[in-house]
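Subject: Structure handover

Hello,

Please open it first, then read the notes below.

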Amino acid sequence: MDRGVVIIGAGQAGFQTALSLRNEGYAGKIALLDDEGRVPYARPPLSKAYLKGTATAESLEYRPAEFFVQQSIDLVLSDPAVALDRRRQMVALRSGRELEWSSLVLATGAHVRRLPTSGKEPFCLRTFADSDSLRTHLSEANEVLAIGVGFIGLEAAAAARAQGKKVRLIGAEARLMGRAVSPFISAWFQKMFERHEVPIRLNTAVKRITEAGVELADGSVETADTVIVGIGVIPNTELAAKANLAVSGGIVTDSYLRTSDPSIFAVGDCATHPNVYAGGLTRIESVQNAADHARAVASTISGKPKEYRQVPWFWTEQFEAKLQIAGLAVEADETEVKGDPESGKFSVYNYKGGKLKFVESVNQPAAHIAARKLLEI
Ligand SMILES: Cc1cc2nc3c(=O)[nH]c(=O)nc-3n(C[C@H](O)[C@H](O)[C@H](O)COP(=O)(O)OP(=O)(O)OC[C@H]3O[C@@H](n4cnc5c(N)ncnc54)[C@H](O)[C@@H]3O)c2cc1C
């Protein structure tokens, strides 16, 4: 007898799993749990349009609350899962309620990495509440110091600068978005920030935040009325680890996103999965990865087993540039630039051993779509 599906986490991956299950014709019970107390919403605008004040809170919601009622999806928003009983196939919620499963989907996402802090808590960007409090605060702010030169730090810095704030950036890495893009793109974006009068200090590690301000590794202290930290995330693996599922930098799955327990799947930011483009196990933080994991798992649970093997793709928006990346960045031995970087519309094709590995398109959406096809394995 089918005891239904329980999905823990109603972010991009959890929401899409529930939606795709119904689209696949799955008619059993679905419970979708979250602990943020909000109808499932998209995170990308939190560091872009919502932070700039050009998007409303409602526009972030994937679907209104009624949709879940119409689809018979039991949306439980303020009663987090606290333990898994694998023998009985039951999830325990904080309130003491228990939910039975035939299939369990862990879509628990990730939480922000923090700096040791003894002074005022800096701002971070993961949840709606984080973005909302920063957005309110920014309206009064003058000077912003953003720590971290990955996507989130750069998007937050650009959003603050677009609102006329004095902004500067500090990053421990040698170049912008170093893990995700080519040196050419890092340099092009650095120039763009300089054009927008955002000074950037690279190779500069932050030690901690104290009453005096932001203390750097060399002992000097930087101050600003607003400090934003975007130094990466840590996957939420505690539930899985407590239940003795395999965990290694994320919840470990096979190519069907099945964990070491065949009735339990892991999807999205929390899942360390075999990825044909990475050539092994990896964990990816992106909307594409979360949504495509979810679609594959929904298909498998509905009786049509589906391996996950989609081309990874990402995007970011900073000032006037929309960067779209197809494939996973590697150290390339050959790059080809098509289009004119000066005009702000171009693509970088990165090859290794004669094979196209990843393509970065700046304000060239058609080239990005074509690149995804070119990269298909
Ligand atoms: C500010 C920001 C901007 C981004 N911009 C982009 C972008 O431009 N492009 C892109 O591709 N990606 C972007 N991302 C990344 C993308 O949003 C994530 O990869 C995606 O949201 C991952 O979805 P997920 O469902 O795996 O995890 P999450 O969205 O983190 O959702 C997990 C949910 O599970 C809940 N949860 C955890 N534990 C429990 C529990 N025990 N019980 C109940 N609920 C629980 C959490 O509270 C959370 O709501 C951005 C992320 C952020 C934060």
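Start at the end of the chain. The buried residues of α9 pack against β22 (321-327), β24 (345-352) and β25 (355-362). Those buried residues of α9, a helix that runs over residues 365-375, are A367, H368 and A371. They span an arc of only 100° around the axis, so they sit on the same side of α9. The other side of α9 has P365, A366 and K373, which are exposed. The background is simple: an α-helix has 3.6 residues a turn, so residues three or four places apart point the same way.

Keep in mind that this is a predicted model.

**Domains**

Eight residues of domain 2 are in contact with eleven residues of domain 3. On the domain 2 side of that contact, six residues are nonpolar, one is polar and one is charged.

**Ligand**

Where does the ligand lie relative to domain 1 and domain 2? It lies between them, because both domain 1 and domain 2 give residues to the shell around the ligand. That shell has 36 residues, and the closest are G9, G11, A13, G109 and G268. By class, the shell holds 17 nonpolar, twelve polar and seven charged residues. Among the elements, α1 (12-23), α8 (287-301) and β21 (313-318) each supply at least two residues of the shell.

**Helix α8**

α8 is mostly covered, with eleven of its 15 residues buried. The buried set is N289, A290, A291, D292, H293, A294, R295, A296, V297, A298 and I301. These buried residues of α8 pack against β1 (5-8), α1, β7 (103-106), β18 (264-266) and β19 (271-275). After α8 comes G303, with a positive phi near 100°.

**Backbone angles to check**

Most residues other than glycine have a negative phi. Two residues here go the other way.

- M177 is not a glycine, yet its phi is positive, about 50°. M177 sits in the loop between β10 (166-170) and α6 (183-195). Buried or exposed? M177 is buried, because 25 other C-beta atoms lie within 10 Å, and the cut-off for buried is 20 or more.
- N244 also has a positive phi, near 60°, in a residue other than glycine. N244 is in the loop between α7 (238-242) and β17 (251-252). N244 counts as exposed, because it has 11 C-beta neighbours inside 10 Å and the cut-off for exposed is 12 or fewer.

**Strand β9**

E143 lies in strand β9, residues 143-147. E143 has 14 other C-beta atoms within 10 Å, so it is partly exposed. Leaving out residues up to four places away in sequence, E143 touches K165, K166, A224, D225 and T226. E143 and G164 are 21 residues apart in sequence, and their C-alpha atoms are 9.7 Å apart in space.

Best wishes

Key: Residues are numbered from 1 along each chain as its sequence is written. This is a predicted model: local features need pLDDT of at least 70, side-chain atom pairs count only at pLDDT 80 or more; totals for chains, interfaces and linings use all residues. A residue is near a molecule or strand if its C-beta atom, placed from the backbone, lies within 6 Å of it. Helices (H or I, at least four residues) and strands (E, at least two) are DSSP runs, numbered from the N terminus. Ala, Val, Leu, Ile, Met, Phe, Trp, Tyr, Cys and Pro count as nonpolar, Asp, Glu, Lys and Arg as charged, and the others, Gly among them, as polar. Domain bounds come from an automatic or database domain assignment. Two residues are in contact if their C-beta atoms, placed from the backbone, lie within 7 Å. The arc is that of the directions from the helix axis to the C-beta atoms.
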